[in-house]
Amino acid sequence: MAKKGKKAKLPLSDEEQLLLFQQKLLAEEEMAKKKERLLSQFLKDKLAKEEHNSALNLNKINTQWRTVLREVKTRELHKDIEILSQTFERVVDCKDSVIKSLAKDLSEAEEQYAHALRSHLHSIDQLLALQRRRLRLLEESYNMELEALTKEFETERKTIIDQHEKEIHYLQDVFMAMEQNYIDSEYESKLEFQSMWDDLKNKNLEEKHFLRLQLENIVEDLWRRFQEALKNYTDATEDQKIAFETLKVKDEKSSKEIEAQMKKIQRLQDSIIILKSKIMMHNRESEEQNQYLRKDKELVLAQLRKLKAQRTQARELSQENLVKLTLESNATLKALRKTVNKGEKILKLAEICRKFETEEEKVLPFYSTVLTPEEQKEIEEIYPEELTEELTKVIVNYTGMENFWKRYNKVKLEQLSLQHRHAQLSEINRKLREMLKQYLDGISVSDEVLSQLNPLFIVNHRSNLPQPLSTPTTQPGDKPPPATYNIIEAAHVISHIL
């Protein structure tokens, strides 16, 4: 028992689940098929009953109105055959004339197309060659300008460096000359001072010698007198005499020393004043020269900074111009590649569209205007437009697109006409569907159908069934065709529907 319980509780594998699911699907499909068979059998039985009833009714109706319908149909068919034969002959004549004219136009159009294609390819080759020459000239001019700028920059750089070196050498020479002048002036001032000092010393010695001689004479005279007086006085005052002599000697020595020192001080003061004035003059001259040199140095530095700034600006400007030129050249190359790709794409599309053209489009690719002169005048009166110079230039530039716009307008008109025709046909289809529904409702028997008007009930050749609108396909100027009435037999409709 435990083994059986374990076996029942085991989970199913994926394959077993798939098999069970497929078995369930098969069983459901069989059930659906059985239901469909039963439903189709029921519908067939019902349809057989309806066919039997309709056959009885049709036999009764056909005996009454088949003869009338045949007579009316024969008369209408005779008239339609006559009209169709006349129109066919007329259309055949028109087609023959059109084919002849189209053959001529076709040969002319092929010649024009070949000529236009050759001229177009020639103009494209000329434009490509012109653009290549233009790019080559621009590249050459850019290289020449770049070389000229580099040469000018190098020459200016060399001139500036040479001028700077010359100025530095000049300033060094000036500095050396000033130092030499200062040394020379200092040496000259020392020599002048030494010479003045020697002159003053010699003069002082001569004066001293001359005064000494005079004093010696005076002293000798006085000495003699003094000796005479001394003898007299010594005899009277010997002690005072001794003291007086000692004081006198001291006084003479001190007075001489004071005078010599005063003269020496005066001379030194005078020489100091002279030297100070010379030093002041030399200092002023040197300061003025230093100021001039500083100003010249500042001017040279300012010019150097200005030249460096100009050089950097010129370098930046040339770099910006180079970047701009490269960007513009890349943009032009991209634009030219886009135009070339677009032209190749247009040519490929034209070749593809050529395969889908109709025979009429191949014969007459460029239709002529269908407006009469009067209609053109009316359009000009309604839309007056004065031609200006700018408008004429634009028109001249786009004269080659005239045939393209003709074909484009033709395709657009055909599209609009097909849309209009599609709308008309859809409306007719809707009405025909309504008529068929009414007819089917008329042949079936139900409370809803009996409560409405029966479309099969005819009184005086008039039915309750609405007639479809006719679709005029006549060209302007043709006569309208006679009205035709479509009569459909009920047995024919039932045999094709059921």
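The model described here is predicted. The side chains of Arg430 and Glu427 form a salt bridge, with an N to O distance of 2.2 Å.

Arg430 also takes part in a salt bridge with Glu434, at 2.7 Å from N to O. Glu434 and Arg430 are four residues apart in helix α7, again about one turn of the helix.

Glu427 has a relative accessible area of 32% and is partly exposed. Arg430 counts as partly exposed because its relative accessibility is 37%, and Glu434, with a relative accessible area of 38%, is partly exposed.

Side chains of opposite charge can pair when their charged atoms come close. With a cut-off of 4 Å between a side-chain nitrogen of Lys or Arg and a carboxyl oxygen of Asp or Glu, the count comes to four salt bridges.

One of these is formed by Glu186 and Lys190, whose closest N and O atoms are 3.9 Å apart. Because a salt bridge requires a separation within 4 Å, this pair, at 3.9 Å, meets the criterion. Glu186 and Lys190 both belong to helix α2 and are four residues apart, about one turn of the helix. Glu186 is partly exposed, at 34% relative accessibility, whereas Lys190 counts as exposed, at 52%.

## Negative surface patch

Asp105, Glu108, Glu110 and Glu111 form a negative surface patch. Asp105 is located in helix α2, which covers residues 14-236. The relative accessibility of Asp105 is 31%, so Asp105 counts as partly exposed. Patch residues need over 30% relative accessible area and no salt bridge; Asp105, at 31%, passes the accessibility cut-off.

Is Ser54 buried or exposed? Ser54 counts as buried because its relative accessibility is 19%, and the cut-off for buried is under 20%. Ser54 is part of helix α2.

The side chain of Ser54 has a polar atom 2.8 Å from the backbone oxygen of Glu51. A polar contact is a pair of N or O atoms within 3.5 Å, and the distance of 2.8 Å between Ser54 and Glu51 falls within that limit.

Note on methods:
Residues numbered from 1 in each chain as written. Predicted model: local features only at pLDDT ≥ 70, side-chain atom pairs only at ≥ 80, totals over all residues. Heavy atoms only, no water. Patch = residues over 30% accessible without salt bridge, like charges linked within 9 Å, V, L, I, M, F, W, Y side chains within 5 Å. Areas by Shrake-Rupley, 256 points an atom, 1.4 Å probe, with all protein chains shown as cover. Lys, Arg positive; Asp, Glu negative; His and termini not counted. Charge placed at Lys NZ, Arg CZ, Asp CG, Glu CD. Helix = DSSP H or I, 4+ residues; strand = E, 2+ residues; numbered from the N terminus. Buried < 20%, exposed > 50% of the residue type's maximum accessible area, 1.4 Å probe, protein only. Polar contact = N/O pair within 3.5 Å; in protein donor to acceptor, adjacent residues only side chain to side chain.
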